[in-house]
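Reader: Could you walk me through reading helices and how they pack? Let's take it one feature at a time.

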Amino acid sequence: MVREFPEGFMWGAATSAYQCEGAALEDGKRESQQDVINREIHDEYGYADASVTADHYHHYKEDVALMAEMGFTSYRFSISWARVLPDGTGEPNPAGVRFYHDLIAELRSHGIEPVVTMWHYDLPMALVERYGGWRSRQIVDDFEYYARFILNEYKDEVRYWLTINEQSIVVNYIDRKNLISKADYFNPRFRYQANHYMNLAHAKAAIAAHEIVEGAQVGAALDCAPYYPASSDPADILAARGANAFKNYFYMDAYIKGEYTPSVMRYLERQGLMFDIEPGDLDLIKRGSECFDFLGVNYYQSACVKAPTPGASRRPKDNNKTGKGGHAVSEIQPDLFEGTDNPHLESTDFSMPIDPNGLEFILEEINDRYGIPVMICENGFGGYDTLEKDGSVHDPYRIEYLRAHIKAIGRAIANGVTVLGYNPWSAMDLLSTSNGIAKRYGFVYVDRTDDDERECKRYRKDSFWWYRNVIATNGKNL
Ligand code: BGP
């Protein structure tokens, strides 16, 4: 079924600051924790660090021109906290603040709606050094300070605001997304306490956005992977129910209903993982939910689980670091679920199962459960691309992936879901969170490798021309 998308449907793409900007220490920007984390990834695996990435800071005009050529009507990007407030709070950095004014002006001049993420993994190092980032409740007030600063600064230019990117990923991979001590890593409660602070910070930022920005549309971008049961064994089905509650609804319920999911709270208590809640906290989370207008859905893959092996201890999912396919280590959550491969799905070289139906599934679940609009804030195919001698890049795998997922969105819309727009990952090639530059997602090829920064020249991939036609026909020609 090919369906025409609603009028005004936003077509664009997404990026995040530390993954595309580069200029990590330029014009007054100070380090973010991602600058440090990616240096460590470089030293361990040889992948590029975050110092140059796609050099978007210097190529932004060209990048926006390419977006305009594809016909974008939206562009999701994040503001680098450490670029606008190098010390995390206090004095702003005028050059950093100006960069985002310039970028937004460039977008607006081409009729592209900016969708801004406040925080996409890159906490200023100043806050990490001062009190350990999400380790301290102080971060809640500092996040609000930063949010109010950028809201006031860009209030006349930006209507769509996302507070936090992929909170559940930050919680589940707390040591990969944050610089934390060994002691905190081995403190099992740490990640849930940090999650609580994120909920408070999100609520404060959402409330501030509604207060400061006229007509603000506020949300957060969540990783939304549906968890399927491995079999019709009721124990597997119960495990899938538990996984969906634990990995998805625990976050959505806090944002959208302003409540903590009862079964997850009981589970955390049983496991000795319960976090501290101070008087007034739950009220703040509730008030934040009243300012939640849409959910940002980041969808790459579904997951499959079975009943947990008794006595098994926690095991995080491990990303495929080699890019050579094969089995990726699956996740175990003690006494709740155990991840397993789904034999019905093909996977990418980086072991991501490809499942467009899963996108329809999660969109319809979200709508039936919460009845709020969604915006696709990420979706995409990460793989190896080859730049041909004539400057072309043939990426039929990416086209196939995106086409199937856009069709799934069409089916969800036909089933009553309000989808505001589609912002796949990513506008141009950029730094992967775990596989450097080698794993590419962009419509635009950036000519550099993990070892050689070259000039970061831009080339249009086949998917560029294909997406341009999709947008021109509002999703009719897929
Ligand atoms: C999401 C993140 C992005 C992005 C994407 C692809 O989880 O929000 O920042 O990188 O995943 O993942 P990766 O880069 O690991 O392939």
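Author: Start with axes: they are lines fitted to C-alpha atoms, for helices over the stretch in contact, and angles run from 0 to 180 degrees between N-to-C directions. Helices (H or I, at least four residues) and strands (E, at least two) are DSSP runs, numbered from the N terminus. This is a predicted model, where local features need pLDDT of at least 70, side-chain atom pairs count only at pLDDT 80 or more, and totals for chains, interfaces and linings use all residues. Residues are numbered from 1 along each chain as its sequence is written.

Reader: At what angle do the axes of H16 and H17 cross?

Author: Roughly 25°, with the axes of H16 (residues 396-414) and H17 (residues 462-472) coming within 8 Å. Angles under 35 degrees count as roughly parallel, over 145 as roughly antiparallel, 65 to 115 as roughly perpendicular and the rest as oblique, so H16 is roughly parallel to H17.

Reader: Which residues of H16 and H17 make the contact?

Author: Contact means C-beta atoms, placed from the backbone, within 7 Å. H16 brings Pro396, Arg398, Ile399, Leu402 and Ile406, while H17 brings Asp462, Ser463, Trp466 and Val470.

Reader: Which residues of H15 are buried?

Author: Buried means 20 or more other C-beta atoms within 10 Å of a residue's own, exposed 12 or fewer, partly exposed in between, with C-beta atoms placed from the backbone. In H15 (residues 356-370), the buried ones include Leu359, Ile362, Leu363 and Ile366. The buried residues of H15 pack against H16 and strands E7 (294-298), E11 (374-378) and E12 (419-422).

How values were computed
Contact = placed C-beta atoms within 7 Å. Expected span 1.5 Å × (residues − 1).
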